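Open the structure in your viewer and keep the selection tool at hand. The stops below are meant to be taken in order.

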Amino acid sequence: MTVRVSLPRVSGVCLAIFSLTTQGCGGGGNENTPIDPTCKEAAAGTYPEQSTSPYVLPYSIGETYTVTQGNCTTGSHREDVGQQFAYDIEMPVGTTLIASRGGVVVGVEESFSDGTGVPGEENYVAILHDDGTTGRYIHVTTLGALVQLQDTVSQGEAIAMSGNSGNTTGPHLHFDVVREPNSMLCLPQARNCVSVPVNFRNTSVHVNGLVEGRSYTAE
Ligand SMILES: [Zn+2]
């Protein structure tokens, strides 16, 4: 199996902590994750206008999935790990993931097995957007990437098959958008990345992000 990872050409914090961190996630279970009220309060009102959001749900139109971990939790979606605006969305292994927003593929990993539960063994696809943010699609299944490094992908294009790789408690997609401080690529291993509040224009109203425990249909 081939491991393809795009390494930033410049040195920096993201790269320096490359091997030290993991993409913790949990998710996939049905138990609610406690909310961090301080984080939640600070986040309220920072989400973009939903109707003009550049993002669509990262799965096919007509499909419905449930958010099993939302934003600002005391679980793995915390600010101190740069993931407070991440979403865990429960879905069967092999669900087609689409590009929530177009861009250039800057990270692909698909060599790990599903179901190991081992932090750091996450398969993923990372897409760099034209505003410098990176969309991360994590826990992809083994050999589940449908794109290659440097591919340009359009919004809605199939990019991967979901899975259960790495630090998970069940099959799900961890999706988030990150912006890192020094214009370097922000790949899933990096923990100094700044999490960006995201909503999706093609589903029901969610003023302060998708709500944990609720299901959302891609329309
Ligand atoms: Zn997650």
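This tour of a predicted model goes from strand pairing to the nonpolar core and ends at a loop.

**Strand β1.** Select residues 64-69, which make up strand β1. Strand β11, residues 215-217, runs antiparallel to β1 and is joined to it by three bridges. To see this pairing, show Thr-66 and look across to Ser-215 in β11.

**The core.** Next select Ile-89, Leu-97, Val-125, Ile-127, Tyr-137, Ile-159 and Ala-160, the residues with the most contacts inside the largest nonpolar core, which has 41 residues. Colour the elements that give two or more residues to this core: β1, β2, β3 (96-98), β4 (103-109), β5 (124-128), β6, β8 (158-161) and β9 (172-179).

Centre on Ile-127. Which residues beyond four places in sequence is Ile-127 in contact with? They are Ala-99, Gly-103, Val-104, Val-105, Val-106, Thr-134, Gly-135 and Val-153.

**The loop.** Move to Leu-146, in the loop between β6 (134-138) and β7 (152-153). Is Leu-146 buried or partly exposed? Leu-146 is partly exposed, because 19 other C-beta atoms lie within 10 Å, and a buried residue needs 20 or more. Leaving out neighbours within four places in sequence, Leu-146 is in contact with Ala-158, Ile-159 and Ala-160. Finally, draw a C-alpha to C-alpha distance from Leu-146 to Met-161: the two are 15 residues apart in sequence and 7.5 Å apart in space.

Technical notes
Residues are numbered from 1 along each chain as its sequence is written. This is a predicted model: local features need pLDDT of at least 70, side-chain atom pairs count only at pLDDT 80 or more; totals for chains, interfaces and linings use all residues. Helices (H or I, at least four residues) and strands (E, at least two) are DSSP runs, numbered from the N terminus. A residue is buried if 20 or more other C-beta atoms lie within 10 Å of its own, exposed if 12 or fewer, and partly exposed in between; C-beta atoms are placed from the backbone. Two residues are in contact if their C-beta atoms, placed from the backbone, lie within 7 Å. Two strands pair if DSSP finds at least two bridges between them. A nonpolar core is a set of buried Ala, Val, Leu, Ile, Met, Phe, Trp, Tyr and Cys residues joined through C-beta atoms within 7 Å.
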